[in-house]
Amino acid sequence: MRIGIIAEGTQDQKVIRNILRACNIDNSDIIDIKPSNQTDETDKNNPTIGTFQGVKNACEGKRPNFKKFFIFEGENFMVIHLDTAEIEQQNFIFQKPTKTNNPDYCAKLRQDIITLINTWLENNYVDNLLYAIAIEETEAWLLAKFENNTEDSANPKAKLEYKMKSITKADIIDEMRKMKGLKPFLANNESLKAFVESIQKLNINQS
Amino acid sequence: MVEEINIKNFKSIANDTISLGRVNVFIGENGCGKSNILEAIAFANALKKYSVVDADILYNNNIRVTKPTLMVNQFHEKDKNNKKENHTIDISLKIDNETIYCVATAENKNDIESNWSKNLKISSKNNVLLEKLKEEYTQTNNPEVTKQIGENILEIIKNIEEEKDENHIVTKNLKDFAIYTLNTQALRGIGHFSHSQKGLFGENLDTMMANLSKKETEKLKSYSYFIEWFEDFVIDTKDELKTKGYKLNHSKSLLYFKDKFMPKKTLANLFSSENANEGILHILFYLTMMISTKTPNFFAIDNIETSLNPHLCSELMKEMCKLAKENDKQILITTHNPAILDGLNLFDDEIRLFEVKRNEYGHTKTKRIKLKPNEENSFGEKYKLSELWTRGFLGAISNKF
């Protein structure tokens with residue numbers, strides 16, 4: 001099995017890699033596709049590579065990242081990561097569901113983003129995709145170490161900075177590497193839990 | 001041909017099975033265990049070939065010798081599936097449907113110079129048949145049938161005895177296996193190399209070339225287009241050119257070159273291998289290995305890309321694949337140069353590419369990289385394997401940076 005990761009940023013890739021490892025996927029079977037490995041030092045400041053737009057670009061058009069990844073025989077899956085925080089500021093129309101008094105806000109928004117991604121992909125590869133949709137941003141997943149319902153947090157990045165005292169982001173990401181460490185996070189963030197459940201459905205049993 | 005290798009408990013390899021083709025290229029990040037795979041085969045070969053296997057024998061077969069406790073896999077502590085310490089190395093090779101099992105244990109596990117006690121078993125069709133006949137023999141009451149089975153058993157035992165002979169398929173395939181790790185100084189005939197008998201560093205290049213038949217030499221020269229300046233080579237078997245001032249007294253090599261851009265009169269374009277560029281020496285070595293009938297049929301090259309331009313790597317690899325088929329050679333190659341991959345046709349089952357990696361427990365694992373059939377993956381576009389590797393799609397790179 002090979003699992004590729006297309007994410008907004010390299011830190012998001014690290015978080016997703018550790019979540020996959022916690023779900024019994026061997027580290028050596030996980031491949032960073034984007035933004036890692038796609039540029040050289042000459043091109044490293046290209047502004048569209050490590051962003052929401054970068055993920056959108058990868059899913060649209062000729063989709064070389066997907067073609068190159070799925071060219072190989074065997075079980076191949078691609079994780080697509082997106083943060084929802086800035087989706088309404090992108091250069092396309094997207095209406096988030098109502099948040100106030102809406103218990104389904106998180107699930108609905110997640111599903112809408114999945115539909116959006118599949119539209120970009122023209123419904124190609126759908127059976128081989130895993131959607132790492134972080135409601136607000138991946139920091140909300142990390143914030144789940146400290147508090148409940150972090151998908152509702154207005155500014156998880158700032159909150160996380162505030163909560164982290166003696167530990168670093170890297171320490172928190174490292175905690176997520178094993179299921180024992182990841183479990184407490186799952187109870188506190190619905191979109192993270194949904195992502196983990198989608199991985200577990202792959203029924204991975206690696207020796 | 002060696003069809004399959006199973007390596008258990010050798011260095012970083014806890015348990016790995018590799019189905020080999022004719023040309024086998026291994027890629028993976030530094031320290032993933034590529035060379036350990038080659039060494040495992042050399043280790044099995046040493047067990048088969050020598051009555052006593054010690055550190056010197058291993059060293060002379062290009063095996064990096066450590067304390068026996070480190071020659072076996074030491075990653076068991078973190079492996080939840082296999083926590084038991086084990087001091088036995090177990091390597092089996094399947095060759096033309098027969099399998100040789102090589103089991104070895106160090107006599108003193110704390111002594112780096114320890115001898116290795118061994119147990120070899122060949123499981124051939126004859127062994128299986130013998131077991132079956134023995135069972136029939138004990139179950140039959142008819143004297144005539146018993147007599148016939150007895151005669152058959154004797155015949156089979158005779159055949160098994162012959163299997164131990166030099167001509168047996170297992171012996172023939174394994175006996176000359178060697179790991180070549182070229183060194184430019186050795187190729188130039190400079191310096192002292194302890195493996196000189198086998199030429200594992202390339203120190204016997206001139207001798208190998210001198211031993212080529214006329215036809216083989218012509219074949220070798222047909223690749224002169226690889227190096228722009230190359231016109232011809234000369235093997236000065238009597239070592240006379242040295243006294244005429246064509247080389248300093250440092251090199252033992254009898255190999256000289258002619259440059260097509262230099263004046264040809266009075267051998268003004270002749271110079272020794274001491275002065276030749278590194279690339280041509282490496283190329284000549286690999287091509288000679290592939291062309292000569294006197295070189296091993298089964299061998300390994302560690303880091304083939306050394307000193308070679310990327311474009312040349314691809315072309316060399318393509319030609320080596322062709323030569324392997326023409327001259328019935330089987331090769332194992334490790335490389336860190338993506339351009340080598342562009343010389344491989346992965347739709348040819350005889351040409352195989354493997355990703356070597358360390359799993360969560362540190363164990364070396366090998367996975368064959370296969371492409372989906374053309375019609376499924378073309379999408380009207382083609383991608384070079386080298387590009388797929390450098391951009392990370394193939395794996396076989398570090399995920400730490």
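Modeller: The model is a predicted one. Chain B contains 14 helices and 14 strands, and 39% of its 401 residues count as buried. Of the contacts in chain B with a separation of 6 or more, 66% join residues 24 or more positions apart.

The open sheet consists of six strands of chain B, with mixed pairing, in the order S7-S11-S12-S3-S13-S14. Its edges are strand S7 (179–180) and strand S14 (364–368) of chain B; each has a single partner strand, so one side of each is left without a neighbour in the sheet.

Helix H1 (residues 34–49) of chain B packs on this sheet and touches S3, S7, S11, S12, S13 and S14 of chain B. The direction of H1 makes about 145 degrees with that of S12(B).

Within the sheet, strand S3 (residues 23–27) of chain B runs parallel to strand S13 (residues 351–358) of chain B, and five bridges join the two. In this pairing, Val25(B) stands opposite Leu353(B) of S13(B). In general, strands of a sheet pair through backbone hydrogen bonds, either parallel or antiparallel.

A further helix, H11 (residues 310–326) of chain B, lies across S3, S12 and S13 of chain B. Helix H11 of chain B runs at about 140 degrees to S3(B).

Methods
Residues are numbered from 1 along each chain as its sequence is written. Chains are lettered from A and ligands numbered from 1 in the order in which they are written. This is a predicted model: local features need pLDDT of at least 70, side-chain atom pairs count only at pLDDT 80 or more; totals for chains, interfaces and linings use all residues. Helices (H or I, at least four residues) and strands (E, at least two) are DSSP runs, numbered from the N terminus. A residue is buried if 20 or more other C-beta atoms lie within 10 Å of its own, exposed if 12 or fewer, and partly exposed in between; C-beta atoms are placed from the backbone. Two residues are in contact if their C-beta atoms, placed from the backbone, lie within 7 Å. Two strands pair if DSSP finds at least two bridges between them. Axes are lines fitted to C-alpha atoms, for helices over the stretch in contact, and angles run from 0 to 180 degrees between N-to-C directions.
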